[in-house]
Amino acid sequence: MRIIITESYEEMSTAAARIVAGQLYLKPNSVLGLATGSTPLLMYQKLVQVHEQIGLDFSEAISFNLDEYLGLEPGNPQSYHYFMHEHFFDKINIKPENIYIPNGNPDDLAKECKHYDTLIEGKGGMDLQILGIGQNAHIGFNEPDIKFEATTHKVKLDEETIEANARFFTTPKDVPRYAISMGIKTIMLAKKVILLANGKNKAEAIYKAIYGGVRPDAPASILQLHQDVIVIVDKEAAALLPK
């Protein structure tokens with residue numbers, strides 16, 4: 001595991017964008033696992049800038065998003081479909097047929113979960129997986145005490161996660177209580193993982209992920225067993241790490 005501590009959120013985002021860009025230069029048809037939320041937002045903006053300014057090419061890239069709220073239509077401004085198109089996909093030259101995001105309104109949820117894993121396996125798995133981390137050390141929407149062997153599945157969101165995401169909704173009551181998410185097993189099969197975190201509210205989660213021992217009550221701690229993980233954090237998120 002490699003740990004990069006940056007001075008700011010912007011520096012964290014720049015470092016992450018450079019790694020993603022490098023991955024695409026080396027392998028233009030890379031399979032990218034993508035996250036949503038405020039943490040990777042500036043990284044996406046910087047990748048768009050590289051695309052516009054020097055032609056970073058996404059035309060052969062394939063993307064799989066980590067998760068989606070259950071019950072939200074793709075056109076809902078709070079859906080992750082909407083987020084990814086608004087902030088990233090519509091600003092680069094990725095092909096629509098190469099974009100995969102879990103269906104938040106499936107007719108058969110179990111079938112949708114299995115189908116999503118089959119699609120990922122069919123593309124050879126993720127070459128590079130981007131992750132954020134929740135205050136309770138969840139990755140994707142894999143909440144504490146999740147089974148590490150889980151593949152894509154339905155998740156009941158913890159109250160802490162609901163409260164953290166409430167800022168994106170009109171009221172906390174509007175936050176969906178369930179989501180569909182890649183499982184820990186699916187994430188761990190990625191060839192390379194980048195874990196991003198910024199802000200002092202993520203310091204405890206980062207400590208648990210890196211130094212707390214591997215345990216289900218801190219899902220991100222499983223990354224200690226991955227062969228190629230880069231943790232990129234700002235100095236506030238790194239506050240509890242040994243100096």
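Mentor: The protein has 7 helices and 10 strands, where helices (H or I, at least four residues) and strands (E, at least two) are DSSP runs, numbered from the N terminus. The model is predicted: local features need pLDDT of at least 70, side-chain atom pairs count only at pLDDT 80 or more, and totals for chains, interfaces and linings use all residues. Residues are numbered from 1 along each chain as its sequence is written, and side-chain values use heavy atoms, with hydrogens and water left out.

Of the 243 residues, 53% count as buried, meaning under 20% relative accessible area with a 1.4 Å probe, protein chains only. The C-alpha trace spans about 45 × 40 × 35 Å along its principal axes.

Now the pocket. The term means an open set of points on a 1 Å grid over the protein atoms alone, where a 1.4 Å probe fits, with protein on both sides within 12 Å along at least five of seven lines; lining residues have an atom within 4 Å of a point. The largest pocket holds about 490 Å³ of space, a volume being the space filled by probe spheres set on the points, which are joined across faces, edges and corners. Its lining has 26 residues, and Ile-133, Gly-134, His-138, Asn-165 and Lys-202 lie nearest the centre. Helix H5 (residues 159-165) gives the most to this lining, with 4 residues. By class, the lining divides into 8 nonpolar, 14 polar and 4 charged residues; Ala, Val, Leu, Ile, Met, Phe, Trp, Tyr, Cys and Pro count as nonpolar, Asp, Glu, Lys and Arg as charged, and the others, Gly among them, as polar.

Technical notes
Buried means under 20% relative accessible area, exposed over 50%, partly exposed in between (1.4 Å probe, protein chains only).
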